[in-house]
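Thanks for asking me to look this over. Could you open the coordinates beside this note and follow along point by point?

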Amino acid sequence: MMNGNPSPRRRGAGSPTARRLIGVALAAALSLTGCAGQGQKKDEGSSTSGGKVTISFWNGFTGPDRPAVEGLVKKFNASQNKVTVTMEISPWDVFFQKLLPSIGAGKGPDLMGMDAAQLPQYASRGVLRPMDEYYSDAANESDKLVKPAVDATAWQGKHYGVPMNFTTLLLYWNKGMFKDAGLDPDTPPKTWAEFQTAAKKLTKDTNGDGKPEQYGLALADHETIAMWPILFWGNGGGVVSDDGKKAMLGDPKTIEAMQQWGDLVRNQHISPVGLGGADADKLFQTKKAAMEIVGPWMTTGFKDAGIDFGLAAPPAGPAGPVTLGTSVAFAVNAKTTDAKAKAAQEFIKFWNTKDSQKEWALGSGFPPNRTDLAAGDLTENPYVVAFGEPAGTAKFYLANVKDFTKVNDTLYTPALQKVLNGKGTAQDLFPQASAQIQQLLDSQQ
Amino acid sequence: MSTGIPVARPRYRGGVAKRRQARAAWLFLAPSLVILGVFIVYPMTQALYLSFTDYDVLNPATWTGLANYRELLGDEAFRNALVNTLYYAAVATPVSVALALGCALLLNRRFPLRGLGRTAVFLPVVVGLAIVAIAWGFLLDPDIGLLSYWLGKIGLTANSGWVRDPTLAMPAVIIVGVWKNIGFYMVIYLAGLQSIPRDLYEAAEVDGASPWQRFRNVTWPLLANQTMLVTILCAIATLQAFDQIFVMTHGGPFFRTETLVMLIYRQGFSEFRFGYAAAISWALVLLILVLSIFQFAYFRKRAVRY
């Protein structure tokens, strides 16, 4: 079925005909839906031989954290003799392309790990099993989990996931570049005023062609973990309200933040326009940008590039300190049998025990999902502690919004890009986009 | 095949032979027909059915009649993608044909390392477009790209870079698309050039025709068949531009490079609207069909036999 998906991995043979690609994908999905009737309630016997339950688990941890995931799964399988987890790891884009048709066919994995922001898209279509039974079981110690990450798994009053990982974003700053610009390399900016002054000082156009050779900040506007929304939040604005019910892109606070930072980007060139997330990382990694707000997954890459960087909470805006929280959640297939769902919960419980979380944090570089691990347990990896610290001020981007992709890719991002490219102003474009977002939010109620 | 002489053949024998011939023909055709049926005709009819439904893959399709097509007519995103697609095709097709012909003429001459030259032009065809697009993305990166660096040296500084600039992004993906495919069309032209009888050139030379006149009056007219083939193939391919756009710009900035196939992908795989995506696919099928019919009619009058 993968062959049908026009993924970037597909070989571009001469002229891949569009209708064939799409058609095959649709047909594959459809024909599988056709057999869903016979296939969905799979005989439990095949996978419960000798009282042992096997559950399939899909996720996209192909990065440096892969060994940590594999290690914990192996440990779980060895720790008891009732449940076996068989895991399949593929890159995130492949994971989602595979997940859609396989769930559509009434199959798919028993357990999956997916970005919490994606949960409502699936939960609203009834393909995920509510996890409230997990949360109500005191033995699972769910009250010890990072609360914003738990809240992000909610959809219309029910929880559809349990945090598998959690992190905040922090400000990375290049100490060497701070020193060269006459800034104290050990004091990161703490307020917006300091942040903006530093960004301007660190932006250098040495050959005077109007295009800086060095940027103060790498700020991505598309295909990225949310960076601009942190700035909107800092001013008391946002894209959508925390409860996912109200569009806030047209809010005066959001527009004010956009004007302020948009002016710095457009006129003072503190960051290039049009960066994708990977471009922004590359810019910091090649010492072309002195600051970036991003997650713990970049620590290894930046260290390997020989960059002496510091980590701090993103500078606080007028509305107080805030950063982005992001999480991958465990979710259980609605078609999975009760026995298997129970087994999946056993695994999730194991994953979120103190011991497992310590191992996870040290192995993956992500902070633990639990709030009751002492910093002393984690001293081996100082980054882990740093990324866990601002958990209390973390907001989830577009949490509890069903049409995540549509709000983000179709409405918000183009409006932001138009403003940054001078094709309109925030006062004109943001309220327009906001009204369209509101329409979508209203229709999901 | 008739010889023009009516011969009274025994009917039954002819019938048997014919039937046997027909059966053999069907047998030979069968593998292709099965593949065509299973992988093209069947999916296309399924897609046609889905285009009249509301379908998100996760739940059964519900019949909505012409709703998707009606939405199509008023959809800003569809109009934008249609314009982008036509722009892409209208630029990329003639440029590809001209460059392919130019390369073929050049590489048809005898010179040292000709094989290397031909390989160099053809190589991008066999390399995956996604890989190629990633490489070009690096070359064109305004901050760390080699090409941007060289262009900067001669004073051509793109402020936010080719791929990120709303007006330059489309030319960038067109350049990559053209560069990728001309090798294939060049090979078709090379074959055409080699099938033109030498004596025609000799005769032209004897008559004192200049190189330009020889090209204008011998080469170009006799390549009419290849030009037809290349133009039609190229138009069909460019109307379906997808891969390098997906990798280089993902349709951005703000949908400036979103072609119809990109839109189909976005509607289907990221917004879960497979019914609507199928309707756009069928609109594209019809567009290509109509354009191909016109092209075919135009070129058929100019077909040559020699």
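1. Residues are numbered from 1 along each chain as its sequence is written, while chains are lettered from A and ligands numbered from 1 in the order in which they are written.

2. Confidence in chain A first. The average pLDDT (the predictor's confidence in each residue, from 0 to 100) of chain A is 87, and 89% of the residues score at least 70. Over residues 1-48 of chain A, however, pLDDT stays under 50. Where pLDDT is low, the predicted coordinates should not be read in detail.

3. How is chain A divided? Domain 1 takes 42-167 + 326-396, and domain 2 takes 170-325 + 399-443; such bounds come from an automatic or database domain assignment. The C-alpha centres of the two domains of chain A lie 29 Å apart. Across the boundary, 29 residues of domain 1 of chain A are in contact with 21 residues of domain 2 of chain A (contact: C-beta atoms, placed from the backbone, within 7 Å).

4. On the side of domain 1 of chain A that touches domain 2 of chain A, elements supplying at least two residues each include α4 (119-123), β6 (162-168), β11 (323-332) and α15 (382-388) of chain A. Helices (H or I, at least four residues) and strands (E, at least two) are DSSP runs, numbered from the N terminus. The residues of that side of domain 1 of chain A divide into 18 nonpolar, nine polar and two charged. Here Ala, Val, Leu, Ile, Met, Phe, Trp, Tyr, Cys and Pro count as nonpolar, Asp, Glu, Lys and Arg as charged, and the others, Gly among them, as polar.

5. Helix α3 (residues 92-104) of chain A passes a length check: its 13 residues should span 18 Å at 1.5 Å a residue, and its end C-alpha atoms are 18 Å apart, which agrees. The expected span is 1.5 Å times one less than the number of residues. Buried residues of α3(A) include A:Phe95, A:Leu99 and A:Ile103. A residue is buried if 20 or more other C-beta atoms lie within 10 Å of its own, exposed if 12 or fewer, and partly exposed in between, with C-beta atoms placed from the backbone.

6. Is A:Val419 buried or exposed? A:Val419 counts as buried because it has 25 C-beta neighbours inside 10 Å. This residue lies in helix α16 (residues 404-420) of chain A, and among the residues it touches are A:Met258, A:Gly262 and A:Leu429.

7. Chain B has 13 helices and two strands. Its radius of gyration, taken over C-alpha atoms, is 25 Å, whereas a compact globule of 306 residues would have one near 19 Å; the globule rule is 2.2 Å times the number of residues to the power 0.38. Of those 306 residues of chain B, 37% count as buried.

8. Finally, some backbone geometry worth a look. Most residues other than glycine have a negative phi, and most peptide bonds are trans. A:Gln156 has a positive phi of about 45 degrees, and B:His250 has one of about 55 degrees. B:His250 is found in the loop between α11 and α12 of chain B. B:Pro253 also lies in the loop between α11 (243-248) and α12 (260-270) of chain B, and a cis peptide bond with omega of about -10 degrees joins B:Gly252 to B:Pro253.

Terms used. Predicted model: local features only at pLDDT ≥ 70, side-chain atom pairs only at ≥ 80, totals over all residues. Contact = placed C-beta atoms within 7 Å. Lists of a residue's contacts leave out its neighbours within four places in sequence.
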